[in-house]
Amino acid sequence: DADVGTVLGHDYYANDREGRAKIGTPAIDEHIYASHNGRIIAGLARFASATNDGALLKSAIDATTVVEQRCRIDGVFLHACETRGGAHLADQVAMGLAFNELYDATGDAQWRERARDVARSLARFHDDKAGGFFEHPPQAEFDLDMRKPIKQNAEAARFLLKLGRLDANDAWIEWANGALDVFSNRAAVEDEGRTIGEYLLALEEARAEPLHFAIVSAVNDEATRALYRAALDVYAPHRLIERVPPGAKYPALGKPDLY
């Protein structure tokens, strides 16, 4: 909130730095929000993938550690960590998408497993068996209507589509498609006005089969990292990159390979 006392934000920011200093400083929200941090982590991880910048990747991982320590209880990400606010759909899907991006950037299986944990929490606390995801868990302690917001449902679908394709889990892919089906009518889309960008992205990802890279290696040696970097350097929207052990999906040839 940019207002300072009786001075509205519009008037406050019309002043230069010196003028603003005389008026005072707007209130600063110092809460840590899982949803906002998840989006920043995902952005940093994707930028690190594109630029091979280790410092950016470290920032993303460090932020993830803080959010998991301060915002997660019983497998669920809370909204405002310090206030122990309720579990919002936006927080779960933002962190799920962040884990997907961290797995993309590193190939480290721990991030994929944490993404699976988020998918399980969606099933426990937000899933509407009739299709889609509630904004808040049913029978929550606070009195809120059981809305299913289109943006967060689209984000949940994107998260589950990617994870389901990596794991070859058809149930999660169908689950994602079910969330998109809830809004697949003209009235539902028109009610949202211009805020349907995330839904359009989710529909595109559901429609198009992604290019799938598999790096087959038992060790994280220089040759394996070079293959992983080569996959990251290919521009392919919605691509999938995974590390698989020799003999699991592809033959063991005694050296790292990329399929």
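The legends below describe an overall view and several close-up views of a predicted model.

**Figure 1. Overall view of the protein chain, with 11 helices and five strands.** The C-alpha trace spans about 70 × 45 × 35 Å along its principal axes. The chain has 259 residues, of which 45% count as buried. Among contacts between residues at least 6 apart in sequence, 63% join residues at least 24 apart. The accessible surface comes to about 13,900 Å², and carbon and sulfur atoms account for 53% of this surface. The chain carries 30 positive and 41 negative charges, whose mean positions lie 4 Å apart.

**Figure 2. The largest nonpolar core, with 48 residues.** Phe77, Phe99, Leu102, Phe133 and Phe159 touch the most other members of this core. Two or more residues each come from helix 3 (34-51), helix 4 (54-71), helix 5 (89-106), helix 6 (109-125), helix 7 (150-167), helix 8 (170-181) and helix 10 (197-207). Helix 7 gives the largest share, nine residues.

**Figure 3. Surroundings of phenylalanine 77 in the largest nonpolar core.** Leaving aside residues up to four places away in sequence, Phe77 touches Ala34, Val67, Glu68, Cys71, Arg72, Ala87, His88, Asp91, Gln92, Met95, Phe99 and Val118. Of these neighbours, Phe99 is also listed with Phe77 among the residues that touch the most other core members.

**Figure 4. Glutamate 242 in strand 4 (residues 240-244).** Glutamate 242 counts as buried because its relative accessibility is 2%, below the 20% cut-off. Its side chain makes a polar contact of 3.0 Å with the side chain of histidine 212. Apart from residues up to four places away in sequence, glutamate 242 touches Tyr103, Arg112, Leu166, His212, Phe213, Ala214, Ile215 and Lys249.

**Figure 5. Alanine 168 in the loop between helix 7 and helix 8.** Most residues other than glycine have a negative phi. Alanine 168 has a positive phi, near 55°. With a relative accessible area of 62%, alanine 168 is exposed.

**Figure 6. Histidine 238 in the loop between helix 11 (222-232) and strand 4.** The phi of histidine 238 is likewise positive, with a value near 65°. The relative accessibility of histidine 238 is 29%, so this residue counts as partly exposed.

Technical notes
Residues numbered from 1 in each chain as written. Predicted model: local features only at pLDDT ≥ 70, side-chain atom pairs only at ≥ 80, totals over all residues. Heavy atoms only, no water. Core = buried A, V, L, I, M, F, W, Y, C linked by side-chain atoms within 4.5 Å. Buried < 20%, exposed > 50% of the residue type's maximum accessible area, 1.4 Å probe, protein only. Helix = DSSP H or I, 4+ residues; strand = E, 2+ residues; numbered from the N terminus. Contact = heavy atoms within 4.5 Å. Areas by Shrake-Rupley, 256 points an atom, 1.4 Å probe, with all protein chains shown as cover. Lys, Arg positive; Asp, Glu negative; His and termini not counted. Charge placed at Lys NZ, Arg CZ, Asp CG, Glu CD. Polar contact = N/O pair within 3.5 Å; in protein donor to acceptor, adjacent residues only side chain to side chain.
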